[in-house]
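Visitor: I would like a close look at one part of this model: the place where the two chains meet. Please take me through it, and then through what lies behind it.

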Number of protein chains: 2
Amino acid sequence: MFKLFYSPGSCALASHIALEEAGAPYKTIRIDFNTGEQRSTDFLAINPKGRVPALVTERGILSETPAILLFIAQSFPKAGLAPLDDPFATAQLQAFNNYLCSTVHVAHAHGGRGSRWADEEASFADMKRKVPKTVRACFELIESEMFIGPWVLGETYSLCDPYLYTIASWLQRDSVDVTTLPKTHSLMRRIEARPAVRKVLADHFE
Amino acid sequence: MFKLFYSPGSCALASHIALEEAGAPYKTIRIDFNTGEQRSTDFLAINPKGRVPALVTERGILSETPAILLFIAQSFPKAGLAPLDDPFATAQLQAFNNYLCSTVHVAHAHGGRGSRWADEEASFADMKRKVPKTVRACFELIESEMFIGPWVLGETYSLCDPYLYTIASWLQRDSVDVTTLPKTHSLMRRIEARPAVRKVLADHFE
């Protein structure tokens, strides 16, 4: 039985969807970012980084979305969430998910988490002003260069899709109109039609 | 024959070391960041992100260090660069490398690349002032919580080591004294003693 520590609507949503779609035995434990629970002693003992997701397994605790996602796919290969028998295709999947974590998520984070990288209120405001431009540039690059369609990697749904969905669900907050990003917009609607995703979203948002 | 696009001393160093240690057939192509070659039409056709590393393979082009590193390990399994037969151990390796790309490299980048996330000179200066603190915090967390020793994952050298080495090689520029980080300091000296690494460093710095 896995335990997934998550916060509603955070990037942990991607791992949550993957667990559900893999048919993994798991339960979830909600961390309340509004009260700073991610910085509590109890949670830092789970993930010293003070971040979600954290996945508790029989072997130990994993963090970092791309690593957790690939671990879920490898643990439940019948779910077909990654092209595990093809190292090059797996690397393409990992490259996409790494772009999401190291560039797209980071661009978004400058809207509300400027204090990670600066100290002055004026800098936070400057960063926040730039978020619509930087996040849009990321998604335009994704649509023009990386997103094959109808799913990110082509005909087959993969770990890239719930992760892109998760970050795309922040676009409204980032003042980017998703209807101007046709591939992403279409992906969001198709993902939200998946029963596993509907179940997970109900846990996050209802 | 692989082709690795790199810039001297950039994060592409990690992939370069891994290719050399794997015994892979490869050649390198240097991109001159001083003249902005990474934004040239020719290079954007290789990697539309305008970043290094980019690895040209027979199947296509890969980017993003953690993805490239795992692909090299999977393509040359005899080199033993990753615990490929153990999905949990591989996930731990990937989690470490993902922390490097999404948090540590990003913390460093605020020293010289503030224009990625803000527009005002005052913001760039504010970000730059904070780099020694944020980068140090990352390395202290690595030493206290992630780095088993003597190599990152314990007794066995892995893909984590050249990647940590690469980012640690920026510590002086980030005004962090590596001699105050004993595990990292020791790792740097042991990595620099490896013949394959010496050969790669000569290409970058001589």
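Guide: Start with a definition. Two residues are in contact if their C-beta atoms, placed from the backbone, lie within 7 Å. The model is a predicted one.

Now the interface. The contact takes 37 residues from chain B and 37 residues from chain A. On the side of chain B, the elements that give two or more residues are β4 (61–63), α3, α4 (87–109) and α5 (121–146). The most comes from α4(B), with 11 residues. By type, the side of chain B that touches chain A divides into 18 nonpolar, 11 polar and 8 charged residues.

Next, the symmetry. Two copies of a chain are related by a rotation about an axis and a shift along it. Helix α3(B) is one of the elements on the side that touches chain A. Helix α3 (residues 65–75) of chain B also has a partner within its own chain. Its axis and that of helix α1 (residues 12–22) of chain B come within 10 Å and cross at roughly 0°. Angles under 35 degrees count as roughly parallel. α1(B) and α3(B) are therefore roughly parallel to each other. From α1(B), the contact is made by B:Ala14, B:Ser15, B:Ala18, B:Leu19 and B:Ala22. From α3(B), it is made by B:Thr65, B:Ile68, B:Leu69 and B:Ile72. These residues divide into 7 nonpolar, 2 polar and no charged.

Cross over to chain A for the domains. Chain A is divided into domain 1 (2–80 + 199–205) and domain 2 (87–194). Their C-alpha centres lie 19 Å apart. The contact between them takes 11 residues from domain 1 of chain A and 10 residues from domain 2 of chain A. On the domain 1 side, α1 and α3 (65–75) of chain A are the elements that give two or more residues. The largest share of that side, 5 residues, comes from α3(A). The domain 1 side divides into 9 nonpolar, 2 polar and no charged residues.

Last, the sheet of chain A. It is an open sheet of 4 strands, in the order β2-β1-β3-β4, with mixed pairing. β2 (26–30) and β4 (61–63) of chain A stand at the edges, each with a single partner strand, so one side of each is left without a neighbour in the sheet. Neighbouring strands are turned by 20° against each other on average, direction ignored. Inside the sheet, strand β1 (residues 2–6) and strand β3 (residues 54–56) of chain A run antiparallel, joined by 3 bridges. One pairing to find: A:Leu4 has A:Leu55 as its bridge partner in β3(A). Helix α1 (residues 12–22) of chain A packs on this sheet, touching β1, β2 and β3 of chain A. The direction of α1(A) makes about 155° with that of β1(A).

Notes. Residues are numbered from 1 along each chain as its sequence is written. Chains are lettered from A and ligands numbered from 1 in the order in which they are written. This is a predicted model: local features need pLDDT of at least 70, side-chain atom pairs count only at pLDDT 80 or more; totals for chains, interfaces and linings use all residues. Axes are lines fitted to C-alpha atoms, for helices over the stretch in contact, and angles run from 0 to 180 degrees between N-to-C directions. Angles under 35 degrees count as roughly parallel, over 145 as roughly antiparallel, 65 to 115 as roughly perpendicular and the rest as oblique. Ala, Val, Leu, Ile, Met, Phe, Trp, Tyr, Cys and Pro count as nonpolar, Asp, Glu, Lys and Arg as charged, and the others, Gly among them, as polar. Two strands pair if DSSP finds at least two bridges between them. Domain bounds come from an automatic or database domain assignment.
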